[in-house]
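Q: I would like to read side-chain features in a model. Where do we start?

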Amino acid sequence: MAFRWKNDLTPADVTPEGMWLNRRQVMAGVAAGSILGPSVAGAQDTTLEPNSFEDITNYNNFYEFGTGKDDPAREAHRLTTTGWEITVDGLVDNPGTYSVGELIAGLTEESRIYRFRCVEAWSMVIPWNGVELKDILDRVGVQSGAKYVAFETAVRPDEMPGVRFPTLDWPYREGLRLDEAMHPLTLMATGIYGKPMPNQNGAPIRLVVPWKYGFKSIKSIVRITLTDQEPFTSWNNANSREYGFYSNVNPNVDHPRWSQASERKIGGGLFARREPTLMFNGYEDEVAGLYDGMDLSKFF
Ligand code: MTE
């Protein structure tokens, strides 16, 4: 099979699984304090005291299970992922409600080693398993008027204690421009480290867009809508000054409250120095062309 995407990462670059599992403790040690938003750590270089990790039980961003650092890991086991269905609607030839199996059956499942960069200024290298979103969209038949893809996460008050509070305007929603969605790097992930997706990471199926900040990678998807309008996105709605529709990793455009120019690599040692953040998270060769002629400080 011809390579449809380029990869300069090897298994040697992968964040060790134990470090991945513990990253929340690691980063909780970095975060000076918790505020509402996907961005909690300041940009200043922080010296980590090993003993401060021991007090921290977990750290995750999945607000449907709560905004507390340890809420998702504690609560996400409540999510029922068997019999999961995804509604595909809008400008498609084959709208309907499909099981995950129906949507991905027969598609090429791949393991992709991607950089993953969060607004909090930490990064990782993670092996995801999944299918290209493009293959799913081709299967449902995108109509010619479609310009964007909108995604929604499940809202289940009985299983997701966080949605009982108006932290965000539920459901959690995200969106991509159609050409971003059709890009071969854009993955619908069903697993991680060769295992089924853990609930707190977005089981049974989530988006992974490696050149954008982590919050674009919406978890536990139940609806995919093809539309001709730029979709509502949760963080843009919550704070449009801080979170734009595009949310491309871009060291040249600072977040209003801190620089985005550097990051700390999890797995590089607890006292790893900050490294310069790469344009488009290192995927510039692959995706810069999507934004030719656009002012990325305006369309951030
Ligand atoms: N998806 C949903 N449905 N709800 C969320 O709160 N948080 C986002 C993103 N997807 C979030 C979500 C944020 S802020 C980040 S950084 C990533 O998920 C974290 O993914 P991870 O826990 O797999 O690292």
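A: At 24% relative accessibility, Glu-152 counts as partly exposed, because buried means under 20% relative accessible area, exposed over 50%, and partly exposed in between (1.4 Å probe, protein chains only). This is a predicted model: local features need pLDDT of at least 70, side-chain atom pairs count only at pLDDT 80 or more, and totals for chains, interfaces and linings use all residues. Residues are numbered from 1 along each chain as its sequence is written, and side-chain values use heavy atoms, with hydrogens and water left out.

Q: Which side chain does Glu-152 meet in a salt bridge?
A: Side chains of opposite charge can pair when their charged atoms come close. The cut-off is a side-chain nitrogen of Lys or Arg within 4 Å of a carboxyl oxygen of Asp or Glu. Here Glu-152 meets Arg-223 at 3.9 Å, N to O. Glu-152 lies in strand E5 (residues 148-153) and Arg-223 in strand E10 (residues 221-227), so the bridge ties together parts 71 residues apart in sequence. Strands (E, at least two residues) and helices (H or I, at least four) are DSSP runs, numbered from the N terminus. Arg-223 is partly exposed, at 28% relative accessibility.

Q: How many salt bridges does the structure hold?
A: There are 15. One of them joins Glu-263 to Arg-117 at 3.0 Å, N to O. Glu-263 is in strand E11 (residues 262-265) and Arg-117 in strand E3 (residues 110-117), 146 residues apart. Both Glu-263 and Arg-117 are buried. Asp-71, Arg-74, Glu-75 and Arg-78 form a salt-bridge network.

Q: Is Gln-260 buried or exposed?
A: Gln-260 is buried, at 3% relative accessibility. Its place is in the loop between helix H8 (234-238) and E11. Contact means heavy atoms within 4.5 Å. Not counting residues up to four places away in sequence, Gln-260 touches residues including Arg-117, Tyr-213 and Thr-277.

Q: What describes a pair of aromatic rings?
A: The distance of the centres and the angle of the planes. Rings of Phe, Tyr and Trp (its six-membered ring) pair if their centres lie within 6.5 Å; planes under 30 degrees apart count as stacked, over 60 as edge-to-face and the rest as tilted. This structure holds 11 aromatic pairs. The ring centres of Tyr-148 and Phe-245 are 5.8 Å apart and the planes at 80°, so the pair is edge-to-face. Both Tyr-148 and Phe-245 are buried.
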